[in-house]
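Reader: I'd like to hear what stands behind each term used for this model. Please show me the sequence and structure, and then I'll start asking.

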Amino acid sequence: PPRSTLFPYTTLFRSIVWFAVFRQDLITFSPVARALIIDQISDAIMVISPDGRFLDLNPVAVELVRTLNPDAPANLVGAPAFELVGEGIATTGGAQSEFVVERLGGRAEFQVQASALIGRRHRALGNVYVARDVSEANALSRRLAAAHTQLVTQVETIDLLRADLVEQADGLDRSEEHTSEL
């Protein structure tokens with residue numbers, strides 16, 4: 001075919017590609033490292049749609065959901081989130097909540113932080129929930145509180161003993177004064 005007949009087709013093709021890439025974001029360059037990093041984070045990260053369905057979960061979140069609900073479906077994406085994890089995970093407005101999970105290895109305590117996902121057109125796309133295992137920190141805090149209580153009790157006992165010694169010393173001083181007067 002003559003060269004002049006290909007020009008309209010190539011122009012049309014370029015226009016479609018330009019429109020798809022720059023106007024509609026049909027070809028999105030997603031950094032590979034971001035997905036790898038999310039998968040390596042030790043906190044459970046769950047993305048939940050406005051209608052309450054899982055959109056994405058990292059491996060730690062999948063394990064947490066399976067611990068909370070062993071009957072959860074094999075593919076959690078699209079599954080009803082709050083039916084599987086319970087309402088304890090729900091937080092609003094960036095507030096934090098905590099919930100406890102009984103596991104085979106013992107009790108686990110989680111602190112949950114929620115963040116709203118807002119799209120370019122200011123439309124709610126869902127929420128990201130980050131559940132951090134705070135079991136060790138809470139256990140340490142409880143041990144510290146117990147040690148503080150024990151220390152306060154010991155200081156009170158020392159104060160009582162000191163007061164008794166002062167009273168006894170005053171009693172001895174008085175008896176010595178009385179004896180010397182005789």
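**Terms and the values behind them**

Author: The accessible surface of the protein comes to about 13,900 Å², and 59% of that belongs to carbon and sulfur atoms. Areas like this one come from the Shrake-Rupley method with a 1.4 Å probe, and for residues only the protein chains shown count as cover. Keep in mind that this is a predicted model: local features need pLDDT of at least 70, side-chain atom pairs count only at pLDDT 80 or more, while totals for chains, interfaces and linings use all residues. Residues are numbered from 1 along each chain as its sequence is written, and side-chain values use heavy atoms, with hydrogens and water left out.

Reader: How do you know which strands pair with E1?

Author: Two strands pair if DSSP finds at least two bridges between them. E1 and E5 run antiparallel with 5 bridges, and E1 and E2 are antiparallel with 3 bridges, so each pair meets the requirement. Met46 shows both pairings: Met46 stands opposite Tyr129 in E5, and the bridge partner of Met46 in E2 is Leu57. E1 and E2 form a hairpin with 5 residues between them, where Gly52 in the turn has a positive phi of about 85°.

Reader: What joins E4 to E5?

Author: There are 9 bridges between E4 (residues 106–118) and E5 (residues 124–133), and the two run antiparallel. Ile118 has Ala124 in E5 as its bridge partner. The hairpin of E4 and E5 also has 5 residues between the strands, and His122 takes a positive phi near 60° there.

Reader: Why is E1 called largely enclosed?

Author: Buried means under 20% relative accessible area, exposed means over 50%, and partly exposed is in between (1.4 Å probe, protein chains only). In E1, 5 of the 5 residues are buried, so the strand is largely enclosed by the rest of the structure. Ala44, Met46 and Ile48 point one way, Ile45 and Val47 the other way, and all are buried. Across the protein, buried residues make up 23% of the 182 residues.

Reader: What makes a group of residues a nonpolar core?

Author: The name covers a set of buried Ala, Val, Leu, Ile, Met, Phe, Trp, Tyr and Cys residues joined through side-chain atoms within 4.5 Å. The largest one has 22 residues, and Met46, Phe54, Leu64 and Val65 have the most contacts inside it. E1 (44–48), E2 (54–57), H3, H4, E3 (96–103), E4 and E5 each give two or more residues to this core. E4 gives the largest share, 4 residues. In soluble globular proteins, nonpolar side chains tend to be buried together.

Reader: Is Asn58 buried or exposed, and what does its side chain reach?

Author: Asn58, in the loop between E2 and H3, has a relative accessible area of 1%, so it is buried. The side chain of Asn58 reaches the backbone nitrogen of Ile45 at 3.0 Å, and a polar atom of that side chain lies 2.9 Å from the backbone oxygen of Asp43. Both are polar contacts: pairs of N or O atoms within 3.5 Å, where within protein one must be able to donate a hydrogen and the other to accept it, and residues adjacent in sequence count only if both atoms are side-chain atoms. With neighbours within four places in sequence left aside, Asn58 is in contact (heavy atoms within 4.5 Å) with residues including Ile38, Ile41 and Ala44.
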